Amino acid sequence: MIDIIVNPIAGNGNSKNVFNKITEVFDSKNIPYRYFFTKFKGNGKDIAEQSVLNNTDMVLSVGGDGTTFEIIDGLINTSTSLGIIPAGTGNDFVKAINMPQDPIESLVKILSYKEKALDVGLINNKPFLNVSGTGLDVSVLQYANSFRKHIKGNLSYIAGLFTAIAKHKSKSLKIIIDDKIEIDEKVVLCSIANGKYIGGGIPIASYAEPDDAYFDVIILKDVPRKSIA
């Protein structure tokens with residue numbers, strides 16, 4: 001059995017169209033499935049946890065990166081597999097695992113490929129699949145989210161980037177890596193990367209691989225605002 005979890009507002013509502021397309025494939029192939037629409041932030045985790053209790057073979061995420069990260073929070077350390085159908089605005093993590101951006105092509109690949117283990121990080125006991133950090137990159141995402149009501153698609157990330165640069169202030173951080181490397185100074189950003197991309201395709205960690213048992217740490221030291229631009 002496959003459970004489909006859909007974020008109905010992902011991709012400015014495009015996720016509903018994607019859901020209709022993939023269920024047509026399921027119906028044509030007589031593949032059994034159930035579907036659920038998330039109703040509030042964090043609901044994806046709740047539904048995924050119930051899927052695990054129901055011994056579901058796979059949970060299919062239909063939405064953006066945020067939807068997928070909620071679902072993985074409910075699946076981590078279980079035997080239930082995760083499939084990702086990109087239907088959000090950025091869809092950064094699917095780029096890191098070389099999944100097609102076309103939802104039907106993604107579905108075909110998911111149904112025909114064997115499951116594969118991926119690395120998962122923990123920040124404050126919350127799992128992350130892609131990139132987690134602090135500083136400018138986080139500000140970009142926060143501003144981009146605030147612009148999405150008025151600006152569609154990846155343009156919201158571009159607007160967020162320029163706004164974040166204009167308002168940016170460096171942060172004082174003390175960073176210890178593997179109990180060996182210590183950095184104590186002001187930084188523009190510090191990101192821990194499992195995947196390569198953020199912000200709708202910005203390549204922040206070109207060498208990161210989500211299945212190599214390593215995280216890439218990217219630190220941008222304090223520089224003048226004009227150098228960031």
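Which element gives the most to the lining of the second largest pocket? In this predicted model, that element is β4, with four residues. The strand spans residues 81-86, and α3, α4 (92-96) and α5 (103-112) likewise each supply at least two residues of this lining. In total, 35 residues line the second largest pocket, and those nearest its centre are L82, E115, K116, A117 and L118. Its volume is about 1100 Å³. By class, the lining comprises 19 nonpolar, seven polar and nine charged residues.

The largest pocket holds about 1600 Å³ of space. Its lining is made up of 41 residues, with D65, G66, T67, F69 and N145 lying nearest the centre. Two or more lining residues come from each of α3 (65-75), β6 (126-128), β7 (131-135) and α6. Of these elements, α3 provides the largest share, six residues. The lining of the largest pocket divides into 13 nonpolar, 18 polar and ten charged residues.

Helix α6 (residues 136-147) also packs against helix α7 (residues 155-167), at an angle of about 125 degrees and with the two axes 7 Å apart. This angle makes α6 oblique to α7. The crossing of the two helices, α6 and α7, is right-handed. On the α6 side, the contact involves L136, S139, V140, L141, Y143, A144 and F147; these meet S156, Y157, A159, G160, L161, T163, A164, I165 and K167 of α7. Eleven nonpolar, four polar and one charged residues make up the contact of α6 with α7.

Terms used
Residues are numbered from 1 along each chain as its sequence is written. This is a predicted model: local features need pLDDT of at least 70, side-chain atom pairs count only at pLDDT 80 or more; totals for chains, interfaces and linings use all residues. Side-chain values use heavy atoms; hydrogens and water are left out. Axes are lines fitted to C-alpha atoms, for helices over the stretch in contact, and angles run from 0 to 180 degrees between N-to-C directions. Angles under 35 degrees count as roughly parallel, over 145 as roughly antiparallel, 65 to 115 as roughly perpendicular and the rest as oblique. A crossing is left-handed if the near helix is turned anticlockwise from the far one by less than a right angle, and right-handed if clockwise. Contact means heavy atoms within 4.5 Å. Ala, Val, Leu, Ile, Met, Phe, Trp, Tyr, Cys and Pro count as nonpolar, Asp, Glu, Lys and Arg as charged, and the others, Gly among them, as polar. On a 1 Å grid over the protein atoms alone, a cavity is a set of points where a 1.4 Å probe fits but cannot get out, and a pocket is an open set with protein on both sides within 12 Å along at least five of seven lines; lining residues have an atom within 4 Å of a point. Grid points are joined across faces, edges and corners, and a volume is the space filled by probe spheres set on the points.
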